[in-house]
Number of protein chains: 2
Amino acid sequence: MKNKSVPEIWDAIKRGDWRKPTSGIAPGFAQTNVVILPKEDAFDFLLFCIRNEQPCPIIDVTDPGQTAPPQAGPQADIRYHVPKYRIYRYGELEKEVESIEDIYKDDMVTFLIGCSFTFEEALMQVGIPVRHIEEGRNVPMYITNIETSPAGIFSGPMVVSMRPMTPKQAEEAARITAGFRKAHGAPVHIGDPTKIGIEDIQKVDFGDAPVIKEGEIPVFWACGVTPQMALKKAKPELVITHSPGHMFITSITEEEIRNAHLD
Amino acid sequence: MKNKSVPEIWDAIKRGDWRKPTSGIAPGFAQTNVVILPKEDAFDFLLFCIRNEQPCPIIDVTDPGQTAPPQAGPQADIRYHVPKYRIYRYGELEKEVESIEDIYKDDMVTFLIGCSFTFEEALMQVGIPVRHIEEGRNVPMYITNIETSPAGIFSGPMVVSMRPMTPKQAEEAARITAGFRKAHGAPVHIGDPTKIGIEDIQKVDFGDAPVIKEGEIPVFWACGVTPQMALKKAKPELVITHSPGHMFITSITEEEIRNAHLD
C-alpha cells in the first residue's frame, strides 16, 4: 500500500483488500477518528467538539446525508472507505463491520476528528523519541481529573495520551505541537501525573503501559478517546465509529494540518 | 457608562438606561454579533460558521435554552442584555425590540460571533489609521465574488469590510490581525478590488463610502455581515439578532480574544 495514492487506498479498502490498522500507510496524509451520528444528536456533539478543541479537533463535518467529507475527502465515500467500523447502540458495542452501507441513513452527520499520528511524525522528524512507536506498543492513555466543557447530552473527563522524554525535548515538543491546533495542539500537562489525577503512571486506562527511561518526564496531550468516552456516557441510540487504529485516511496533507483552519 | 463594569452595563441595559450603539463602551472587553435560532436550524448554522471561520468566528454558542453564554458571559442573560434586538421571520425584518423575554423559547440556541471592533483597537494602538473611525463614519462593506462554503440551508457570498492604508501599514496590519483568529483574522485581500468582484470602491453595499488618501491601498477583511446575508437568504422561520451596532458586550477581554481558542 505504501506507494499507492489516497484514492487508490480508498478503492483497496472498499474492495476489501485492506482491513488492517492504517498506521504507516499513506505517509504524509492526515488520518482521522470517525464519528457518525444521526442529526438529532449532531448539534450537541458538534458543540461538544467546539467547546473542547484540544481533545476533539474538528478536521471536517459533513452535512446530514453527505457521504463525501467536503474538506478531508471530496472524492471519498465514508460508507466504504474506513477499513473497519464499530456500531454502538445506547452506548454499547453491537458489532464490528466492514461497510455501513445498510446502516447509513440520509440524516446522518459524519465528524472527522484529528489524531496524534500527525504530530508524532513531526516530533520524530526533529529527533524527539516517540517511545511507544520505538517499542512497537500502543500509546499509554489515562483518564484525568480534568473535566471537559459539557454540551447538551455530552460530558465527561478528558483522556490524555503520554509520551516520555527529557525536559529539554518536552520543551521543544510543546513548541512544535502548539502549531498543530487540529491535532490536539500543545501538551495539557508536563510532569507530575498526580496533578491531573493519575495516581500510578504504570496503570494505564487504555493502550499499553509506558517505558520511561532515567531522566525522562511524562508529557501529556489531550486524546481523541475523550469524545469516545463522552459518547459512551451519553448513550445515544446509534453511533458509528472507526475501529481503533483503523482510521479514515484523508486527502489533506499533514503539512496542511499544521496551523490549519477549517475554512 | 465609561467607568462601569461589564455586569453594571448589563444591568443598565436591562433597566432600559442604554439603548444606543455599544461602540466605545466597556473598553478592553470584546463585543460580539448575536444570532439566536431554534435548535432545528442551529446545526446547519453552527456548521456554516465552522466552515467559514473568517467571516463567522465563533466566540461562544449556548446549549438550547441556555440564556447565559458559558464562555462569554456566564453571569449574563441574553434575553435582556443586548440594547436592541431585531426579529426576522422567513428572512424579513418583523420588528425591533428591547427585550426578547416573550419570544425566547427553551429550544433556542445563541451564537456570539466575533467582530472587528476588537482588532481595530489593536491597529490604532500601533498607530495604523482606522479611517472610518477617524472620520466618524460607518465602515465601508462590499459583497464579493468569493463564495462561502455552504452548510445545509446556509450559503451566499462573503461580505468584506475595507480599511484604506499605505502598503507598509497594510503589511503590519496583516501581521497583527492574523493573530485575531476570533475577530476575522488576516485580510482576505489587499489591493485591486476588482479581483474580488468589487467594480467601484466608492459604491458600498453596506456602511458609508470610503475616504481613500493618496498613496493608500484598500485592505479587505472578512465581515460579520456575511452570516446575516446567509440568514436572509435561507429564510428560516425565526431569527433573532442584535440591531446593527447594538452589540453584546462580553466579559472576555480583547487580550483573551487575541489568539484565543474557545476551550
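1. A residue is called buried under 20% relative accessible area, exposed over 50%, and partly exposed in between, with a 1.4 Å probe and protein chains only. At 42% relative accessibility, B:Glu96 therefore counts as partly exposed.

2. On conventions, this is a predicted model, in which local features need pLDDT of at least 70 and side-chain atom pairs count only at pLDDT 80 or more, while totals for chains, interfaces and linings use all residues. Residues are numbered from 1 along each chain as its sequence is written, chains are lettered from A and ligands numbered from 1 in the order in which they are written, and side-chain values use heavy atoms, with hydrogens and water left out.

3. B:Glu96 lies in strand E4 (residues 92-97) of chain B, where helices (H or I, at least four residues) and strands (E, at least two) are DSSP runs numbered from the N terminus. Leaving aside residues up to four places away in sequence, B:Glu96 touches B:Lys84, B:Tyr85, B:Arg86 and B:Ser243, contact meaning heavy atoms within 4.5 Å. The side chain of B:Glu96 makes polar contacts with the side chains of B:Arg86 (3.0 Å) and B:Ser243 (2.5 Å); a polar contact is a pair of N or O atoms within 3.5 Å, where within protein one must be able to donate a hydrogen and the other to accept it, and residues adjacent in sequence count only if both atoms are side-chain atoms.

4. In helix H1 (residues 6-15) of chain B, the buried residues are B:Val6, B:Ile9, B:Trp10, B:Ala12 and B:Ile13. Because they cover an arc of only 160° around the axis, they are on the same side of H1(B), the arc being that of the directions from the helix axis to the C-beta atoms. Their cover includes strand E1 (29-38) and strand E11 (248-253) of chain B, and the helix is followed by B:Gly16, whose phi is positive, near 95°.

5. At the interface, 29 residues of chain B are in contact with 29 residues of chain A. The rule finds six salt bridges across this interface, a salt bridge being a side-chain nitrogen of Lys or Arg within 4 Å of a carboxyl oxygen of Asp or Glu. A:Arg51 forms a salt bridge with B:Asp63, with the closest N and O atoms 2.9 Å apart. On the side of chain B that touches chain A, helix H2 (39-51), strand E2 (58-61) and strand E5 (108-114) of chain B each supply at least two residues, and H2(B) gives the most, with nine residues.
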